[in-house]
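The sequence and structure come first.

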Amino acid sequence: MAPLNVICRLGAALLLGALAGAPAGAADLVVIVSARNPVATLRADQVAAIFLGQSVRFPDGAEAVPYDMRLGAALRDEFYARVTNKSPALLKAHWSKMVFTGRGQPPAELSDSAAVRRRVAGDLDAIGYIERNALDPSVHAVLVVQ
Amino acid sequence: MRVSGFGTLGVVHASVREADYTSSVLKASGAGGTRRWSADVDTRLGMQLDTTFARRWSAVLQVVSEQDLDNSYRPRVEWANVKYQVTPELAVRAGRIALPVFLMADYRKVGYAYPWVRPPVEGYNVLAITNSDGVDATLRWSAGPVRNASQVFYGHSSVPLTPPLHVVGRGDIGVSNISEWGAFSVRVNAASAEISSNIGSELFGALGAFGPAGQALGARYALDHKRMTMLNVGLNYDPGTWFLMAEAGRTNGHSFLGATRSAYVSAGWRWHSFTPYATWASVRATSATSDPGLPVAAVPPALAPMAAALNAGLNALLATIPQQTSAAAGLRWDLGTNMALKLQYDRVTPHDGSRGTLINQTPRFRSGHTVHVASVALDFVY
């Protein structure tokens, strides 16, 4: 049952990407959760809320723990520009407000797509973003960012 | 344990000679009369320690050094609290907590977090108290696409003035709610505190010696167990390439602090690492800013000069209720991702006999004249 589920999800993710019709390349990124996570898809605003510390749960009520790429990574800048409309400077200003008001700390940072995928695969609460061509069956895409 | 910090290196020039322009009434001096260029208006350094001891327990200590009333930069504990995360949505804290009374109340000292050199003084200067010792609870909740954080707090506060003067707030109580919907956010704050101070206590004591008329003046204006109320609404629309911010508030001190209404509107757009912006701000009194005082003609002739002097003292206190309008234009330049350089020009006009938000006015100070203020600030976070 579980492996079938994974295959269905992966299929859905790939289909989602195929429907979008964007050429696959380094610029394509996907938001991922563990293959065992029952969340199927998320809207960009739901992903933004989790990564900006405004929401601490997936829509189904499960806790959500976001993981970031390292500061300065091109994929990170692209993710925030497209999903939250924030430049690196605006993002820093946002976290300055959160940190210096005691409302939260920015997501933990990991080195690259493979590290994010490994962390997300092993943690039901985790959510991250990776290059689309780094997808594998251990995780599934909940949002394809164009 | 995480160590982070923020700071501002700023220098300000003001065209006024008979008063000082500054960013808070809790400062010893500013730009203008004391010195033409002042680094004391905006310069500050803050350090914060965040630590987590267990899955649900954390603590924060924030210490800020900036010029205060005794002209020292002695560091003060801005916050020191312990947080218990009851659920992912509900947190309770105990200790010294930021007083949530403005849109930017919690980060008003973190220059990097806002576009301007300083939050508009017309609103933010009316209440210089920034923290409260007590408890609070914050609940995060969603209503469809709208994400909310609702906070209630209770505590007391003590404001550092030049000894022997002091101001204390007891029974500080309030609610604050932030709603975020995409690029749009709204914050509503309501707070109340019973304020007592010995500022003017000799004046009100002497007025009281003149009988019922003087005692009535004391009851009306003395800052003695007066429940001050504050209401404030702030809006922010920030889709990334531009922003629009507006805030409106009212205060009532039921004392010589008076009742005020303040508002500002600010807009800017972001072009590469540059953010030009413009702001209009105003504060005005909605209570009496002068009082006929004791009926000088009705007191014994020998006491008339003293009654007149006391009346003048009372009116000098009432003239500190801010009435001021200002317009500002500025430019923020983001240098990398933890530093911003800002240039700002303000036209500040105290009016209707008030000194506005200026301090250290001399007897030759005249209300109604526009003060030109130029500021440069380098903000950083680490």
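## A helix pair in chain B

Helix α2 (residues 201-208) and helix α3 (residues 212-221) of chain B have axes that come within 7 Å and cross at roughly 150 degrees. Axes are lines fitted to C-alpha atoms, for helices over the stretch in contact, with angles from 0 to 180 degrees between N-to-C directions. α2(B) and α3(B) are therefore roughly antiparallel (an angle over 145 degrees). Phe204(B), Leu207(B) and Gly208(B) of α2(B) meet Gly214(B), Gln215(B), Leu217(B) and Gly218(B) of α3(B); contact requires C-beta atoms, placed from the backbone, within 7 Å.

The model is predicted: local features need pLDDT of at least 70 and side-chain atom pairs pLDDT 80 or more, while totals for chains, interfaces and linings use all residues. Residues are numbered from 1 along each chain as written, and chains are lettered from A and ligands numbered from 1 in the order written.

## An enclosed helix in chain A

In chain A, six of the eight residues of helix α2 (residues 44-51) are buried, so this helix is largely enclosed by the rest of the structure. Buried means 20 or more other C-beta atoms within 10 Å of the residue's own. The buried residues are Gln46(A), Val47(A), Ala48(A), Ala49(A), Ile50(A) and Phe51(A). Their cover includes β1 (29-34) and α3 (74-84) of chain A, together with β10 (146-159) of chain B. Just after α2(A), Gly53(A) has a positive phi of about 80 degrees.

## Contact between the chains

Chain A places 21 residues in contact with 28 residues of chain B. On the chain A side, α4(A) gives the largest share, eight residues.

Conventions
Buried ≥ 20, exposed ≤ 12 C-beta atoms within 10 Å, placed from the backbone. Helix = DSSP H or I, 4+ residues; strand = E, 2+ residues; numbered from the N terminus. Contact = placed C-beta atoms within 7 Å. Parallel < 35°, antiparallel > 145°, perpendicular 65-115°, else oblique.
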